[in-house]
Amino acid sequence: MSWSFPREEIHTRIESDLFVFPNTTEYRASPSTGRQPSVIRKDRKREVDMKNIMVDGVKNETVGRIPQQINGQQFVIQNCENCNIYVFDHINTVTVDDCINCNIFLGPIKTSIFIRDCKQCRFVLACQQFRTRDCQKIDVFLCCGTQPIIEASSGMKFGCYQYYYPELEDQFKQAGLSVFNNTWSNIHDFSQDPTEAHFSLLPEDAKVEDYVPDPTSELFKNVHIDHMTSKSVVPLTHGTRRKISDQSCLIVFFHDDYSQSKVWQFIKNMGEEHPELILIQTKEVMMQPPDASRVFRTDTYASAVSQGPVIGLEYNGDNSVQCCQEVLSRTGPAQNTFISQSRDVSASQIENFYNFADMQMAV
Amino acid sequence: MGLLALLRKLKSSSEKELRILLLGLDNAGKTTLLKKLAEEDVSHITPTQGFNIKTVQSQGFRLNVWDIGGQRKIRPYWKNYFDNTDILLYVIDSTDRKRFEETGMELNELLEEEKLHGVPLVVFANKQDLATAAPASEIAEGLQLQAIRGRQWHIQACSALTAEGVKDGMQHIVSMMAKKK
């Protein structure tokens, strides 16, 4: 893909003297070629790089980056007001500071996002770590690989990440994020207050595009966003909301060349045939044979788990065990999958599997 | 082996066991550094809610490294871990200019702690792989490390994520301990 937009023009509003770097950066100055570029050219390049990875002090505008403009670098957003900001690329790490009333979409973030001193903002983002401090009234459609944390923040609302554009799936891979590891609803509040809840979950029917509208400006015309639930690269999960039934079913797909597409086919079929059942949570995790013996209470899956990470789904609803069994048998050959045999055993299987996965995720 | 030799061996091995305290603000990269020191995978690290501890073997030393969560709310608990600390590692996010002052204040408070009196300090100027990272020299100046008296100190530019500078930092820890003995 070739992008030919006026790069300089977009960035001219950004002050270039924000970061003053001494020339003596002994750590970074390690030219791989024998030729040492001139200091002036190096500084000029750094200045351009800095502008590319920052949005600073913008008001009442729509700005952002398109695929391959950031390509795994860090990104910084600060001092913005009434803006729509879109970064349709994978990113190393993000800080968002001192922003008011902004709508922000961020592509998959390999490490952490830290949001500080922001208020009345709406986000759609995927990351490994989600952190906030000193924020008020933030809505987030989140995909987070670990437990999201908030500190000294209030009026925080969370929903399940839902998004699609053609490059997005690959950007998740580039960032090392699994679309099946999303603990968006299990928030840890460092400033717990028994008299006041600092966070809640967005309504189940909340639509991403009602919070962070699609960009309409020319810059983003080649980013083809689609909001159909079935297209989202991250499956829609119910999270920690109250379950609709006391019956759940565990389905585990063991790793092979087709396991990912089998999972997606299964989720699609479930949505079409049993819209009354809900996907509570998903998890992609490595298991060793002894782990499999403990979780499934049999040695049958010892070799299956050795093939690579497994993907587990929990569906909830009356009769979910029987319905999942039927859909799974129609989705394809049952080999390389595990499914709860009966409702009597499914509850403990789900507990075993997700407890194991949570332990794996801890340090 | 005679009883005396056995006792001597136990004594000498216990002498080589060090207690290392790993502190710094939240999001500085303490746990990533801890896992890198232990040569573990750093791609699935969760924000620390309490503490993590790992034992790392290095050049005849047994390093017990305590990594304590850095959120403002839980910093008052740091003092519960001060006892018998042999070395203080302080991790700074070199890109987080917004909080350079905050991290400097926290470090100064640590240096004034009676229980950490004379304890050698290694500051890790972390995240040097990122474009907006301030160089270690600038951070040393900002923290006024030159003014530190009564303890050994060293600042180490590093990226815990890519492991650059982490081994060099370890080298300094070990040589500081050798000097201290």
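Analyst: Happy to. A word on exposure comes first: buried means under 20% relative accessible area, exposed over 50%, and partly exposed in between, with a 1.4 Å probe and protein chains only. This is a predicted model, in which local features need pLDDT of at least 70 and side-chain atom pairs count only at pLDDT 80 or more, while totals for chains, interfaces and linings use all residues. Residues are numbered from 1 along each chain as its sequence is written, chains are lettered from A and ligands numbered from 1 in the order in which they are written, and side-chain values use heavy atoms, with hydrogens and water left out.

Let's begin with the interface as a whole. Counting contact as heavy atoms within 4.5 Å, 38 residues of chain B touch 37 residues of chain A. The buried area, meaning the accessible area (1.4 Å probe) that two parts lose on being put together, summed over both, is about 3,300 Å² here, and carbon and sulfur atoms give 51% of it.

Polar contacts come next: pairs of N or O atoms within 3.5 Å where, within protein, one must be able to donate a hydrogen and the other to accept it, and residues adjacent in sequence count only if both atoms are side-chain atoms. The interface of chain B and chain A has 14 residue pairs in polar contact, with both residues at pLDDT 80 or more. On the side of chain B that touches chain A, the elements giving two or more residues are helix H2 (30-37), strand E2 (51-58) and helix H4 (136-143) of chain B; helices (H or I, at least four residues) and strands (E, at least two) are DSSP runs, numbered from the N terminus. That side of chain B divides into 10 nonpolar, 14 polar and 14 charged residues, where Ala, Val, Leu, Ile, Met, Phe, Trp, Tyr, Cys and Pro count as nonpolar, Asp, Glu, Lys and Arg as charged, and the others, Gly among them, as polar.

Now for the charged pairs. With a salt bridge taken as a side-chain nitrogen of Lys or Arg within 4 Å of a carboxyl oxygen of Asp or Glu, there are five between chain B and chain A. Lys98(B) meets Asp117(A) in a salt bridge at 2.9 Å, N to O. Lys98(B) also forms a salt bridge with Asp98(A), the closest N and O atoms being 2.8 Å apart. This second pair runs from the loop between strand E4 (87-93) and helix H3 (100-111) of chain B to the loop between strand E5 (94-97) and strand E6 (103-116) of chain A. Lys98(B) is partly exposed at 36% relative accessible area, and Asp98(A) is partly exposed at 31%.

Within chain B, Glu138(B) forms a salt bridge with Arg97(B), with the closest N and O atoms 3.3 Å apart. Glu138(B) lies in helix H4 and Arg97(B) in the loop between E4 and H3, so the pair ties together parts that are 41 residues apart in sequence. Glu138(B) counts as partly exposed at 26% relative accessibility, and Arg97(B) is partly exposed, with a relative accessible area of 26%.

Finally, a network of salt bridges links residues including Asp97(A), Arg116(A), Arg72(B) and Glu102(B).
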